[in-house]
Structure formats: C-alpha cells, structure tokens
Amino acid sequence: MVLNKDTAKKTAELLLQINAIKLKPENPFIWASGWKSPIYCDNRIILSYPMIRNYVREELGKQVEELYGKPDVIAGVATGAIGIGMLVAEYLGLPFIYVRPEPKSHGRQNQIEGQLSFNQNVVVIEDLISTGKSSLNAVKALKEAGANVKGMVAIFTYGFTIADENFKSENLQLHTLSDYTNLIQQASDTNYIKEDQLNTLLQWKSNPSIWKP
C-alpha cells in the first residue's frame with residue numbers, strides 16, 4: 001500500500017532518472033524466475049546517488065515512525081536492503097540487523113546478523129517486492145528468533161496479486177514509497193514511454209507469469 005501519492009510520484013521519478021528502474025517493452029528482460037518482463041528494478045543503484053539515497057532514507061524513516069512509532073530494531077533483508085536499511089536505522093537512531101536468505105553453512109551458522117533480543121519490536125526494510133516470498137522468509141526467521149515483527153516498509157512493489165495474497169496470509173502489513181501503477185503513470189506523463197509501450201506495460205502487469213512480447 002502506498003501512503004502518500006506525492007511521495008509515490010517523486011520516488012518513481014527519481015528511480016527512472018537514475019535507471020534504477022529500466023523499462024524495455026520492446027526488448028524484455030528475463031528474471032531469475034524465468035519470467036519475461038518489460039521492467040527491471042535494481043534499487044541498490046540508489047546508494048550511489050547521495051541526494052536520492054537521502055530522500056529515500058528520510059521517506060522510509062518517516063513512514064516507519066508514522067506507522068509504528070519507534071521500533072526497537074530496524075532489519076534489512078539481504079542483500080538488496082542491507083544498505084538502505086542501515087541508512088534508515090541511522091536516520092531513526094536505532095540498532096540495525098540484517099537477515100540472510102538462509103543460515104550460513106559455516107561459523108555460527110547465523111541467518112540473522114546483529115544483536116536481536118527476544119520480543120523486541122522490529123520493522124523490516126525491503127528494497128523491492130515482487131512475489132514477497134524472500135521478504136516473508138526473512139520475517140519468518142525473525143519471528144522464529146523471538147522478534148515481534150510490526151510490519152514492512154519497502155521502496156517499490158510491482159503490485160502483484162500473489163504478493164498481496166502472500167502478505168495477507170501472513171497477516172503482515174506492507175507499505176511502499178511507490179509502486180508499478182504510479183511508476184507507469186509517471187513514465188507516461190513525462191513521455192518517458194510512448195502509448196504503444198504503455199499498452200504493453202499494462203498487459204504485462206495483468207498476467208506477468210505467462211506474458212510474452
């Protein structure tokens with residue numbers, strides 16, 4: 001869920017500006033899942049642009065405070081949200097931890113890196129939501145470690161129905177700075193894409209798993 005329309009528009013504008021999000025309807029990307037997609041998002045690029053990363057850090061931090069007050073800990077999901085999650089924790093003056101996709105196979109075999117005490121309130125930071133599977137895997141690890149996970153705040157979501165269903169089934173709130181709908185609107189309004197490209201992008205969103213260019 002997007003909280004603020006102006007923030008959603010501005011975030012979309014900035015992500016397009018630095019090519020953190022690329023739109024190529026005529027020459028689609030292939031995701032690791034095998035899906036063909038006219039959009040590719042790599043929000044780690046934000047970290048290379050100080051003014052933009054500060055904007056994202058502050059907007060995420062403000063949303064965390066607005067939604068949850070001040071939790072005890074901020075958690076980032078490895079690897080994409082480690083950097084931005086740490087910036088949010090710094091902005092809020094809070095401890096930071098991050099969660100691996102799975103426990104290490106050596107050493108202490110940690111899945112959660114950093115200090116987490118039982119029953120601490122945690123807000124999870126993500127960079128990108130697609131199906132939500134990896135994000136919710138991190139939430140599961142935190143809960144198993146005794147954390148009280150209040151919710152998740154992310155930079156961007158594709159807004160897939162499967163993600164909505166996955167978060168609903170886990171009874172977890174998800175809020176994002178921007179989403180696919182606002183991104184496509186911004187790209188259209190600024191003539192970043194043409195009308196035929198817009199139609200392709202809308203078609204993909206309706207059924208991304210079987211879409212073909």
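N119 is placed in the loop between β7 (112-113) and β8, and this residue has a positive phi of about 70° although it is not a glycine. The model is a predicted one, and every value that follows was computed from it.

**Backbone geometry**

- Most residues other than glycine have a negative phi, and most peptide bonds are trans, which is the background for the entries in this group.
- Besides N119, with its positive phi of about 70°, N191 is a residue other than glycine with a positive phi, in this case near 60°.
- N191 is found in the loop between α6 and α7 (195-206), and it counts as exposed because its relative accessibility is 66%, where the cut-off for exposed is over 50%.
- The peptide bond that leads from A78 to T79 is cis, with omega near -5°, and T79 has its place in the loop between β5 (73-77) and α3 (82-92).

**The largest pocket**

- The largest pocket has a volume of about 740 Å³, and 30 residues line it, with C41, D127, L128, S130 and S134 lying nearest its centre.
- Two or more lining residues come from each of β4 (39-41), β8 (121-129) and α4 (133-144), and among the contributors α4 gives the most, with 5 residues.
- Sorted by class, the lining of this largest pocket consists of 14 nonpolar, 10 polar and 6 charged residues.

**The second largest pocket**

- The second largest pocket has a volume of about 250 Å³, and of the 16 residues that line it, M1, T157, G159, D164 and L174 are the closest to its centre.
- The elements that supply two or more residues to the lining of the second largest pocket are α5 (161-169), β10 (174-179) and α6 (180-189), and β10 accounts for the largest share, 4 residues.
- By class, the lining of the second largest pocket divides into 8 nonpolar, 5 polar and 3 charged residues.

**Aromatic pairs and a cluster**

- A search of the whole structure finds 11 aromatic pairs, one of which is formed by F29 and Y40, a tilted pair with 5.4 Å from centre to centre and 40° between the planes.
- Because F29 lies in strand β2 (residues 29-30) and Y40 in strand β4, this pair ties together parts that are 11 residues apart in sequence.
- F29 counts as buried because its relative accessibility is 17%, whereas Y40, at 36% relative accessibility, counts as partly exposed.
- The rings of W35 and F160 have centres 5.6 Å apart and planes at 65°, so this pair is edge-to-face, a class that applies to angles over 60 degrees.
- W35 lies in the loop between β2 and β3 (36-37) and F160 in the loop between β9 (148-157) and α5, so the pair ties together parts that are 125 residues apart in sequence, and both W35 and F160 are buried.
- W35 and F160 also belong to one aromatic cluster, which is formed by W31, W35, F156, Y158, F160, Y180 and W204.

**The nonpolar core around F156**

- In soluble globular proteins, nonpolar side chains tend to be buried together.
- In this model the largest nonpolar core has 67 residues, and of these L142, F156 and Y158 touch the most other members.

- T11 lies in helix α1 (residues 5-17), and it counts as buried because its relative accessibility is 0%.
- Apart from residues up to four places away in sequence, T11 touches Y55, I155, L177 and S178.
- The C-alpha atoms of Y55 and A8 are separated by 12 Å, the two residues being 47 residues apart along the chain.

Terms used: Residues are numbered from 1 along each chain as its sequence is written. This is a predicted model: local features need pLDDT of at least 70, side-chain atom pairs count only at pLDDT 80 or more; totals for chains, interfaces and linings use all residues. Side-chain values use heavy atoms; hydrogens and water are left out. On a 1 Å grid over the protein atoms alone, a cavity is a set of points where a 1.4 Å probe fits but cannot get out, and a pocket is an open set with protein on both sides within 12 Å along at least five of seven lines; lining residues have an atom within 4 Å of a point. Grid points are joined across faces, edges and corners, and a volume is the space filled by probe spheres set on the points. Ala, Val, Leu, Ile, Met, Phe, Trp, Tyr, Cys and Pro count as nonpolar, Asp, Glu, Lys and Arg as charged, and the others, Gly among them, as polar. Buried means under 20% relative accessible area, exposed over 50%, partly exposed in between (1.4 Å probe, protein chains only). Contact means heavy atoms within 4.5 Å. Rings of Phe, Tyr and Trp (its six-membered ring) pair if their centres lie within 6.5 Å; planes under 30 degrees apart count as stacked, over 60 as edge-to-face and the rest as tilted. A nonpolar core is a set of buried Ala, Val, Leu, Ile, Met, Phe, Trp, Tyr and Cys residues joined through side-chain atoms within 4.5 Å.
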